Amino acid sequence: MSQAIDKPIIQENTLLEKFRNLTIEQQQTILDFVEFMHSKKPKSQDNQEVSVYDLAKEWAGSVESGIGDLSTNKRYLQGFGK
């Protein structure tokens with residue numbers, strides 16, 4: 001169990017050591033990449049639930065089903081919610 005807890009710390013130390021050995025330009029490139037990846041992180045809090053829509057909203061409406069708006073045809077809504 002102790003090994004599993006220590007491993008991230010070892011990796012972090014290895015990353016820091018390698019980062020410090022890079023040129024200033026290389027370090028800036030790494031920082032830019034990390035900031036880019038951070039900007040792609042979902043905006044929700046870690047402990048908050050995320051809806052399926054939030055996860056897939058960039059694809060919402062991208063597929064045509066061929067079916068019109070079902071809410072305009074009362075036959076489709078008969079018995080709904082019972």
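This passage describes the fold, surface and selected residues of a predicted protein model.

Residues are numbered from 1 along each chain as its sequence is written. Local features need pLDDT of at least 70 and side-chain atom pairs count only at pLDDT 80 or more, while totals for chains, interfaces and linings use all residues, and side-chain values use heavy atoms, with hydrogens and water left out.

The protein contains four helices and zero strands. Helices (H or I, at least four residues) and strands (E, at least two) are DSSP runs, numbered from the N terminus. The order from the N terminus is α-α-α-α. Mean pLDDT, the predictor's confidence in each residue on a scale from 0 to 100, is 78 for the protein. A score of at least 70 is reached by 77% of the residues. Among the elements, H2 has the highest mean pLDDT (90). Helix H4 (residues 74–77) has the lowest, at 73. Where pLDDT is low, the predicted coordinates should not be read in detail.

The protein exposes about 8,400 Å², as computed by the Shrake-Rupley method with a 1.4 Å probe; for residues, only the protein chains shown count as cover. Carbon and sulfur atoms supply 56% of this area. Of the 82 residues, 1% are buried. Buried means under 20% relative accessible area, exposed over 50%, and partly exposed in between (1.4 Å probe, protein chains only).

Helix H2 spans residues 24–40. Gln27 lies in this helix. Gln27 counts as buried because its relative accessibility is 17%. Beyond its neighbours within four places in sequence, Gln27 contacts Phe19, Arg20 and Leu22 (contact: heavy atoms within 4.5 Å). Phe33 also belongs to helix H2. Together with Ile30, Val34, Phe36 and Met37, Phe33 makes a nonpolar surface patch of about 480 Å².

Leu55 is located in helix H3 (residues 52–56). With 58% relative accessibility, Leu55 counts as exposed. Leu55 and Pro42 are separated by 13 residues in sequence. Their C-alpha atoms lie 8.3 Å apart.

How values were computed. Patches are made of residues with over 30% relative accessible area and no salt bridge: like charges are joined within 9 Å, nonpolar side chains (Val, Leu, Ile, Met, Phe, Trp, Tyr) within 5 Å. A salt bridge is a side-chain nitrogen of Lys or Arg within 4 Å of a carboxyl oxygen of Asp or Glu.
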